[in-house]
Amino acid sequence: MPLIFAFPNEYSVGITSLGYQVVWAMLAQRPDIAVSRLFTDVREPLPLAAELLGFSLSWELDYVNVLNMLEQQQVPLRSRDRSSSHPLVFGGGPVLTANPEPFAVFFDIILLGEGETLLDDFLDAYQQIRGDDRATQLKALAQIPGVYVPSLYAVTYIANDGPIASILPTAADVPATVTKQTYRGNVLSASTVVTPKAAWENIFMVEVVRSCPEMCRFCLASYLTLPFRTASVEASLIPAIERGLQATQRLGLLGASITQHPEFETLLDYINRPQYDNVRLSMSSVRTNTVNQKLAETLVKHDARSITIAIESGSQRLRNIVNKKLETDEIVMAAQQAKAGGLQALKLYGMAGVPGETDADLAATAALMIQLKKQVPGLRLTLGCSTFVPKGHTPFQWYGVNRQAEKRLQFLQKKLRPYGIDFRPESYRWSVIQALISRGDRRLADVLELTRGYGDTLGSYRRAFKALKGKLPPLEFYVHQEWPKMQVLPWEHLAGPLPKATLLKHLADAQQAM
Ligand code: SF4
């Protein structure tokens with residue numbers, strides 16, 4: 001069965017995605033699939049008549065390349081314009097799992113959830129109905145948990161430019177709610193490709209944990225992928241690392257909260273063995289109160305100079321609002337431990353525009369950074385700061401982006417510069433585009449198609465909204481407005497790990513802390 005598996009960006013970006021690597025390896029291992037990889041710059045020889053065309057979407061704005069690649073393959077952009085003579089277009093990956101709706105009309109199938117079992121379930125089912133017409137195929141595939149067929153759900157609106165009125169299956173035998181697939185095993189992902197052409201050259205990546213038990217109320221990486229799972233050290237991590245380090249000297253430990261692995265110390269001891277002395281180690285950001293001297297020394301021994309912690313805010317009040325279980329003393333301690341272990345730099349991540357935030361909270365963040373600078377001299381400090389962006393399936397999904405956030409980022413910049421603290425704000429405009437996509441519904445497809453021609457600036461999105469005025473709500477509705485709790489959400493028919501009632505309870509807890 002000929003299948004094209006595309007990554008809508010360059011090879012160096014695609015091959016650095018652990019998700020893309022793992023899915024490609026699963027496809028390549030199936031005897032019934034002949035898979036060809038397609039990137040925007042390179043491709044393997046493609047079949048003349050692919051039956052399946054899959055995309056892994058890791059970055060929102062890569063949708064432009066999805067549309068370009070469909071055109072190059074002479075496949076109509078919208079699912080409704082395709083027939084059995086075209087490949088079945090499927091997609092997966094973090095962007096589509098977070099909120100597939102803005103892209104829904106471009107895909108015949110969207111795979112929601114974790115690939116480990118979902119991909120095989122999808123392909124096995126497809127084998128059974130290969131010869132059927134497209135409508136029969138889609139209905140049959142829609143029965144599989146995690147397989148979402150957007151065209152089988154009709155969305156109605158209160159008004160053309162108003163909120164959604166309903167999202168209903170188009171037939172009685174289509175499930176009313178699509179459930180995601182959750183993998184329950186203790187063997188997590190590891191690289192299947194090591195290449196100098198990757199964005200992180202020659203890195204071998206190992207997934208240490210999946211999801212995060214902390215449940216900060218804005219956090220998609222936690223809420224959307226619950227429950228928290230850990231890779232078995234014996235069955236998953238050590239065999240993978242042994243395999244990988246035969247091919248390279250660069251190891252990346254991945255996961256939203258790796259130091260919360262119950263056997264993280266054992267893993268560090270293993271990496272600290274003399275035969276791995278030359279291994280260069282990198283890790284994603286770690287929980288602040290798990291930074292200790294041993295962790296810092298391990299990093300230093302393996303060629304790292306800095307460690308990253310996410311504090312969200314210097315204000316205890318704000319950390320309570322977002323459910324960040326972290327005391328100011330613990331932040332100071334983490335900086336001291338990092339320095340004692342020999343690290344030269346500490347990177348902290350914060351956020352501006354969080355629901356309930358006041359100017360005093362921003363001042364507290366600036367004050368904390370200045371306190372750290374004084375209390376832990378010699379440690380280079382960087383504060384990366386993003387703007388709060390609402391994400392579906394989190395308790396903060398109803399809030400909009402705070403229009404004050406841009407000013408607040410500038411405030412931090414002004415406060416921190418005189419102290420030699422490196423401040424790196426994420427672009428506010430980019431946060432607005434992210435929010436648009438994260439709370440978008442199907443009507444956004446028209447905007448995306450228009451913007452493709454205009455260029456990927458916020459001005460282009462504004463221009464597209466102007467051109468489509470009256471046909472969908474204004475940009476402000478998606479990005480800035482606080483949505484009523486009763487309003488039908490664009491992802492109302494897609495079940496997340498937690499029921500809406502639980503999210504509302506977590507939201508009420510946050511509001512109490514405000
Ligand atoms: S600790 Fe980090 S990864 Fe975990 S829930 Fe909070 S923000 Fe998300």
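Me: Happy to start with the helix: which elements are included in what covers the buried residues of H3?
Reply: Keep in mind that this is a predicted model. The buried residues of H3 (residues 63–72) are Tyr-63, Asn-65, Val-66, Met-69 and Leu-70. Their cover includes strand E1 (2–6), E2, strand E3 (52–56) and helix H16 (444–454).

Me: Nice. How are the buried residues of H3 placed around the axis, and on which side?
Reply: The residues in question are Tyr-63, Asn-65, Val-66, Met-69 and Leu-70. Around the axis they cover an arc of only 155°, so they sit on the same side of H3.

Me: And which residue just after H3 takes a positive phi?
Reply: H3 spans residues 63–72. Just after this helix, a phi of about 55° is found at Gln-74.

Me: Now the sheet: which strands stand at the edges?
Reply: The open sheet has six strands in the order E2-E1-E3-E4-E5-E6, with mixed pairing. Each edge strand has a single partner strand, so one side of it lacks a neighbour in the sheet; these are E2 (34–38) and E6 (147–148).

Me: Which residue in E6 does Leu-111 stand opposite?
Reply: Strand E5 (residues 109–111) and E6 run antiparallel and are joined by two bridges. Leu-111 has as its opposite in E6 Val-147.

Me: Last one: how many residues of the shell around the ligand are charged?
Reply: Among the residues surrounding the ligand are Cys-212, Glu-214, Met-215 and Ser-257. The shell divides into seven nonpolar and two polar residues, and the charged ones number one.

Definitions and conventions. Residues numbered from 1 in each chain as written. Predicted model: local features only at pLDDT ≥ 70, side-chain atom pairs only at ≥ 80, totals over all residues. Pairing = 2+ DSSP bridges. Helix = DSSP H or I, 4+ residues; strand = E, 2+ residues; numbered from the N terminus. Buried ≥ 20, exposed ≤ 12 C-beta atoms within 10 Å, placed from the backbone. Arc of directions from axis to C-beta. Contact = placed C-beta atoms within 7 Å. Near = placed C-beta within 6 Å. Nonpolar A, V, L, I, M, F, W, Y, C, P; charged D, E, K, R; others polar.
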